[in-house]
Amino acid sequence: MTNRRLSNSTLKALPASVAAPRYDRGGVAPGIVHLGVGAFHRAHQAAYIDDCLAAGEADWGIVGVSLRSPDTRDALAPQDGLYALAIRSSIGEELRVIGSILSLLVAPEDPAAVLAALTDQRTRIVTLTITEKAYLRAAGGGLDSTHPDIAHDLANPQMPRTAHGFLTEALSRRRAAGIQPFTVLCCDNLPANGATLHRLLVEFAALRDARLATSGDARLATSGDARLATSGDARLAAHIADGVAFPSSMVDRIVPATTDADRARIAVELGVEDAWPVMTEPFCQWVVEDDFPAGRPAWEKFGVTMVGDVGPFEDMKLRLLNGSHSAIAYLGLLSGYDTVDRAFADPAIRQFVDGLWAEAIPTLPQDAGLDTAGYTAQLAERYSNTALAHRTAQIANDGSQKLPQRIVASALDRLGAGDPPAHLMLVVAAWIAACEARGKTLPEAHFADPIDARLTALGSRPADETVTAIFDLAGFAKDHAHRMTLIDLTAAHLERLRRGGTAAALAALGIGSEKP
């Protein structure tokens, strides 16, 4: 294997079979700052921007920001931000080198550099893929004002740790300098993600305003806020509420974790080493609400769907794709399957997913022109992709954060229509059972959840007590009239899973357990 690294200097030596940037990367200017520069961003938004740069839109390069770990920066900085995107299907693999990431920053190492990038007047869009848990929401959906990182950012606005702190401080500085606000484009799986982030940021800014009003904190004054917040109609929260665009978006592409075997294989194909290539599938979708006062790339030329309301598309993706993904992950883990394609090949799990879709589809907007039959057929084809090796343990992470919008929302809508959500609530029970299986039939740290410590503290309890306690911890269906119905359904499923495994739980739904 060669010791040379993928970089600007080795681009011309790549094999002809590898698609590579043909534009002058040195002539590209940064126009987007992306928070959460992980594998999904590099397989999705960065690839779309690479298309735009190749078409001559040279002022939309990306500054990537890691809010926690330096791993991505350490891997890609020696490669001038370049990396290979491996598009894998059951019939083969195509390699494409992406050049849209111009530089990478690590927020904990240099928050000032991140704030400088966000405040740069060339930055017109800030995109985010920071995962659901990084939005720091309380059980009711609002900002968790008690979170230590929120408290830190309120006390130290010039040294933020959270996305909330960075965005709010940058918007404050831009306002003080007379620079137009950037558009904030959330790309995470949150319900109404743009509106959700907008609400959270306004809540955070209101806490800053209140702190400034009561304390006259000199550190806030250095950013210009003290002057701006002296009049009631000029407060930062009001500025963000009324003067900053937060379009919603829906993203979709399966991106499995990269393995050392992937790195070795791709190095051979490239002829140079790539410290962190990204694996993905041929399918890619991005639906974006078209609200960009400061301008945007011509995404629609490259397959992005620009709409006035992303809600119906978002609901379809969350409830049909993400919901079934969680189902396959937890039932697959409990059945001994380590990848999605293997779990989906089990006739019982396949039949269960059909039943799950049948329950979820009626909860979607019926007048939005959604092609649910075509969409689920496409999902079935994607789940059967044997080349992707999407690990069930990867999907299983953070269930307490994901299940409310993927599963619980559909179940509540179904109950509201007078229909039972039996398949839907088995997914919640399977998540609980998979959590309980860690350290027993599954490895101790096979997947993780933000409430793991509190889950462990519950100990061994009867199914109804366990489910009630977990609904309380995770805030599922809080204060909803149908909450107890969901708890009862979940507890019955959990009891069957504990006693007879997935076969017993699926049999109760009339599904056989025969395996291929």
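Ala, Val, Leu, Ile, Met, Phe, Trp, Tyr, Cys and Pro count here as nonpolar, Asp, Glu, Lys and Arg as charged, and the others, Gly among them, as polar. By that scheme, the lining of the largest cavity has four nonpolar, three polar and two charged residues.

The model is predicted: local features need pLDDT of at least 70, side-chain atom pairs count only at pLDDT 80 or more, and totals for chains, interfaces and linings use all residues. Residues are numbered from 1 along each chain as its sequence is written, and side-chain values use heavy atoms, without hydrogens and water.

A cavity is a set of points, on a 1 Å grid over the protein atoms alone, where a 1.4 Å probe fits but cannot get out; lining residues have an atom within 4 Å of a point. Points join across faces, edges and corners, and a volume is the space filled by probe spheres set on them. The whole structure holds four cavities of 30 Å³ or more.

| Cavity | Volume | Lining |
|---|---|---|
| Largest | About 50 Å³ | Ile254, His325, Val340, Asp341, Arg382, Tyr383, Asn385, Leu388, His390 |

Helices (H or I, at least four residues) and strands (E, at least two) are DSSP runs, numbered from the N terminus. Helix H13 (340-344) and helix H15 (372-383) are the elements that give two or more residues to the lining of the largest cavity.

For the second largest cavity, strand E8 (249-252) and helix H12 (311-334) each supply at least two lining residues. E8 gives the most, with three. That lining divides into three nonpolar, three polar and three charged residues.

Technical notes:
On a 1 Å grid over the protein atoms alone, a cavity is a set of points where a 1.4 Å probe fits but cannot get out, and a pocket is an open set with protein on both sides within 12 Å along at least five of seven lines; lining residues have an atom within 4 Å of a point.
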